[in-house]
Amino acid sequence: MPDTYDLIVIGTGPGGYVCAIRAAQLGLKTAVVEKRATHGGTCLNVGCIPSKALLHASEMFEEAGHGFDKLGIKVSPELDLPAMLAHKDATVKSNVEGVAFLFKKNKIDSFHGAGRILGPGRVEVTAGDGGVQELAAKAIVIATGSDSAPLPGVETDEERVVTSTGALELKAVPKRLIVVGAGVIGLEIGSVWRRLGSEVTVVEFLDRILPGMDGEVAKQSQRILQKQGIAFRLGSKVTGVEPAGEGLAVSVAPASGEGATETIPADVVLVSIGRRPYTDGLGLAEAGVALDERRRVKVDGHFQTNVAGIYAIGDVIAGPMLAHKAEDEGVAVAEILAGQAGHVNYEVIPSVIYTMPEIASVGRTEEELKAAGIDYRVGKFPFTANGRARAMNRTEGFVKVLADAATDRVLGMHIVGAGAGEMIHEGAVLMEFGGSAEDLGRTCHAHPTMSEAVREAAMAASFKPIHI
């Protein structure tokens, strides 16, 4: 039996690699097991990072073609898709190499292969060449993330019927793209290819986009995306995808099950109906680790499973499937294992959709507050009344602050607008320390900035805004 590690982390996505680094910083002898050839998991390799590279590049292409002229700049952009994809790949390479460097810097041992838990304190690693070795640890953290949920009856080939992975590798701009699912991934990737020239139609089972987001925010966002050229088929479901000549025939029926099925032509279909926890092949059943009804690993308040010494974080446990949520859990469990008081405040987990404009949220929505019977006040401020937004031609959207009617404590913040993903952290920091709308409204903000709209919305929730 080899030397025993204090901690073995299975999976090196954002949750896993952050957990390992924090544990090593706290003096724990740490190893990681990763099935990919590179570290970083879905997020860095085929998810968050490459998608943001293409989102930014496609935004620049769109701006050059349709926005520069309003600023007195005349250009005629030409798309070089191979170069754009090369930028994406270079971004991925830089990030995954950065994680490998941090492992080396923190003296973390890396094992590449499929990890399997043999029991408490025992992990088997099967390398790509078939070689097998066993590792020992005082604690094991499962951080294997998630993969794309399949659409029943539809096979993906990652060429014409794709998940987010294949959608980031298309070698040509599809003339017609059907996106199944109006969630974060579908809207982001649909936005990329719409800007590059695709006719994009989003088919969503529900009668709204962005389930779980504030209703007013979702409606405003849909109007903006429709104005940009994305078509929506809400209350609809895709029942089949069949080859049709050089393209595809997509069968779309009412979600209610009542009504005729329609066939829509497409060149590429993106299936983005959500993600499911990745627990296959980990030996969880044999090790006695309990799963819930959605095959997520059950954990207690300290991230420990029902088997002593085995922990889990990130997408494989309950909660939002967000990289930064996994990171916070990774830090918390590392600190717990080191004898500290690790903790995650699930009331303050921001969420961002990187469309243009961005959509960001932290805390509760109006619908959640109403359902909980909480009396609240709403403060809103539009970017049309913000000087910096006008100067940049970025006036779409608004900031919305929800504050407790009795205490003025901020319970939620929602933003639709350019840079929303950066501005939302004003709300996150404020809420983390139990701040009020008045606290934010009386905090001096630099002028002219987009963030002034955040202050004005807070003022509107507590007393009165100045500029509207």
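Student: How many positive and negative side chains does the chain have, and how far apart do the centres of the two sets lie?

Tutor: Lys and Arg count as positive, Asp and Glu as negative, with His and the chain ends not counted; each charge is placed at NZ of Lys, CZ of Arg, CG of Asp or CD of Glu. Here there are 46 positive and 58 negative side chains, and the two centres lie 3 Å apart. Before going on, note that this is a predicted model, where local features need pLDDT of at least 70, side-chain atom pairs count only at pLDDT 80 or more, and totals for chains, interfaces and linings use all residues. Residues are numbered from 1 along each chain as its sequence is written, and side-chain values use heavy atoms, leaving out hydrogens and water.

Student: How many disulfides does a search of the whole structure find?

Tutor: A disulfide is a covalent bond between the sulfur atoms of two cysteines. The search looks for a pair of cysteine sulfur atoms within 2.5 Å, and finds zero. Take Cys19: the closest cysteine sulfur, in Cys43, is 16 Å from its own, too far for a bond.

Student: Is Cys19 buried or exposed?

Tutor: Buried means under 20% relative accessible area, exposed over 50%, and partly exposed in between (1.4 Å probe, protein chains only). Cys19 is buried, at 0%, whereas Cys48 is partly exposed, at 30%. Across the chain, 51% of the 468 residues count as buried.

Student: What share of the contacts with a separation of 6 or more comes from residues 24 or more positions apart?

Tutor: Contact means heavy atoms within 4.5 Å, and that share is 62% in this chain.
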